[in-house]
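Good morning, colleagues. Please direct your attention to the structure that is about to be shown.

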Amino acid sequence: MIRALMPSWGHDRLASPGEVALASRVSGVLWLTGAVTLLLTLAVPGSTIHAQWAVALTAAFAVVWGALMLSKVPWARSPVRLHVSTILSLGIVAALTRATGSTNAAPLDYLWFVVVYAAFFYTPRQAVAYWLACGAVHALPFVYDGHALDDNLARQLVVVVPVYFLVGGVVMAGRELLAGTTRRANELEARQRRMTEEQSSLRRVATAVAAGSPPAGIFALVSLDVGHLLGADCAAIVRFQDADHVTILGRWTQDEHGADDPDATVDVRPGSLLDRLRCGEAIAGDRMDGEYRCMRLAAPVRNGAAVWGALVVVANDPHEFASGAEQRLQDYADLIATAVANAENRSRLDAQAATDALTGLPNHRAFRERLTEEVARAHRHDRPLTVGLVDVDGFRDLNDRAGLDVADDVLVEIGALLRGALREEDVLARLGADEYGVIFVESDRHQALMRADRARRAIAETPMRHRLRTSVSIGLCDLEAASSSDEALRRADSALYWAKQHGRDLCWLYDPTVVRELDQRQRTRELDRTQALVGLRALARAIDAKDPATQEHSERVAALSARLAVARGWAPDRVSLLRDAALLHDVGKIGVPDAILLKEGPLEEDEFSIVREHAVLGARIVGDVLEAEQIAWIASHHERPDGSGYPGALQGDDVPEGAALLALADAWDVMVSDRSYSAPMTAEAALAEARARAGTQFAVAAVQALESLAKRGDLMPAAARLHQPTA
């Protein structure tokens, strides 16, 4: 019997610590119950019990053994010890039956304890063995009692043994039903927990992707989560470098020892799992035998149509992947693909935002950021640094003579020549239309001056495309003369101005003595600008005076433009800028022949094309006097929101607001003035006309400002001398 049970020991139902503890406690309770009932049989009247001492001794042993099974002694909770307890109970029942000397002895009833206990706690094979053992114990009197047959023992066995199996089978079936229900509930709970963890993980990864977290952090998070959720021993994210190599970008493993580090490069063998993915397989899996026995599963990470990399999980034998692992793996791979696409888009946008589109050099914003970093680093490590500003000499004239396309080609060539004359660690950027900035990293003023002058000579001596020649002026300032990046730029600009004023095609180092002289030169330059403005205004008035209908036209347009700007909430300094620009808005008509300018009746198409040029010509005339924003207003004051204007056919918000206000003021004065080709409109009719053309000829915001002036009674169709607008 013991030989039959031995192969099953350790492989029964008693798999969990909780079930072993329950079986031990039940065994202890049964032993104590048997002890108490044995003692009661000695006290209850009935037939004489032989060897009462044996009964009492057995009861005492049962108490001790039952207490031991109820205790927390570790060996008493072993499944093997439970079998020992069950076999011991069979032996004691057999001994008591022999001692009491009767085939109807009460101890035989204790066999039911064994039948029910075995059916509930042991495997079917073990339980059947115990039931057969119970039948054998019940039949033992045949061995030592010659009257057993006369006492109907055979008849008892015919009934009792089948009942043992019947009752035990019922208990076992009920227990299996209960266990099956529990298992299904546990499986459902585990599946629900797995789904919750999976959704939580996917949500966590998706949140990180949407938040624009760095790819390295997302790779580490995905490899950790997918490894846990799929029950893998290892998970990794790899990127294809070429047809033969991948780089590990993120990995997780149960055993950190011996794993490949992130950024390690791994060879891709032909026909391998990764090679199949690279060749277009949707999802790949295989089993490896030999030294490393494991299952592998991989899903491709796609960036557009190309396979960017793969998400790989490995399960060592005897582990297996659960059903649905392929789809879950692909879900994570898709999230990685989104993270990769976001990172690349962000990098591309950052690069575009920091790069000059024409030359490919860093732009003004990138230059200022880098300059701040380099100045801080130079101060921190007590290292030299010099800042340079480069300006193309006579670029405006070159632009006018050769055209925009040729001028752009020249700017690209100058950028290339500057880059070639500098060290790789020096920073070159395009700051404006014809201006470049240079950071001479770890260079004092003399080292920077040598390289700057080499660049200047290279540009002066190199014929540009279209056989053009040009030169540059360069101003330099080092950190001995400036304490911050802003101060270094200002002083480099002062040195550049000095180089421009002293003949151009020069490199100049900033020094304090330059500043005092520049202050006087700055005042002179402002005086020159004021004188130029006076001259241009006189020219504008002369143009208006050619036709009696347009006398003081520019003054009236300037006054109304200023009032419209105030109605739009402009600051006083910008209102003043718009008023100055409006005074000169028609100065370009100096290039229109009088025969066309004073013609009565409608113009021919070729004549009108000449008139259209006046806006661009006017912008050029004022280019050296007004600010860039004012020049743009004059150049665009005939543009329309619907794109039908000239010279650039700008649309919507592309038309500067100052130009839109100037255009409405110009048209208003035409509508309410007496012209040779049209009678003046009333203010109400002109306002209705402006309202009807809002969004097509005039900007909606400008018309709304005009209406607000009308409500306040501030629209004056009569000639109005230039004055400060009322708030």
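This is a predicted model: local features need pLDDT of at least 70, side-chain atom pairs count only at pLDDT 80 or more; totals for chains, interfaces and linings use all residues.

Let me begin with R456. D453 forms a salt bridge with R456, and their closest N and O atoms are 2.8 Å apart. Both residues belong to helix α15, residues 445–461, where they stand 3 residues apart and are thus separated by about one helical turn. In general, an α-helix has 3.6 residues a turn, so residues three or four places apart point the same way.

R456 also meets the side chain of D505 in a salt bridge, at 3.1 Å from N to O. This pair links distant parts of the chain, since D505 lies in the loop between α16 (485–501) and β11 (507–509), 49 residues from R456 in helix α15. Is R456 buried or exposed? Its relative accessibility is 14%; buried means under 20%, so R456 counts as buried. D453, at 21%, counts as partly exposed, and D505, at 26%, likewise counts as partly exposed.

Elsewhere, a network of salt bridges links R370, E374, R377, R383 and E442.

I turn now to helix α25, residues 683–692. Its buried residues are A686, L687 and A690. Seen down the axis of α25, these buried residues fall within an arc of 100 degrees, so they line one face of the helix. E684 and A692, on the other side of α25, are exposed. Against what do the buried residues of α25 pack? They pack against α24 (657–672) and α26 (700–711).

Thank you for your attention.

Note on methods:
Residues are numbered from 1 along each chain as its sequence is written. Side-chain values use heavy atoms; hydrogens and water are left out. Buried means under 20% relative accessible area, exposed over 50%, partly exposed in between (1.4 Å probe, protein chains only). Helices (H or I, at least four residues) and strands (E, at least two) are DSSP runs, numbered from the N terminus. The arc is that of the directions from the helix axis to the C-beta atoms. Contact means heavy atoms within 4.5 Å. A salt bridge is a side-chain nitrogen of Lys or Arg within 4 Å of a carboxyl oxygen of Asp or Glu.
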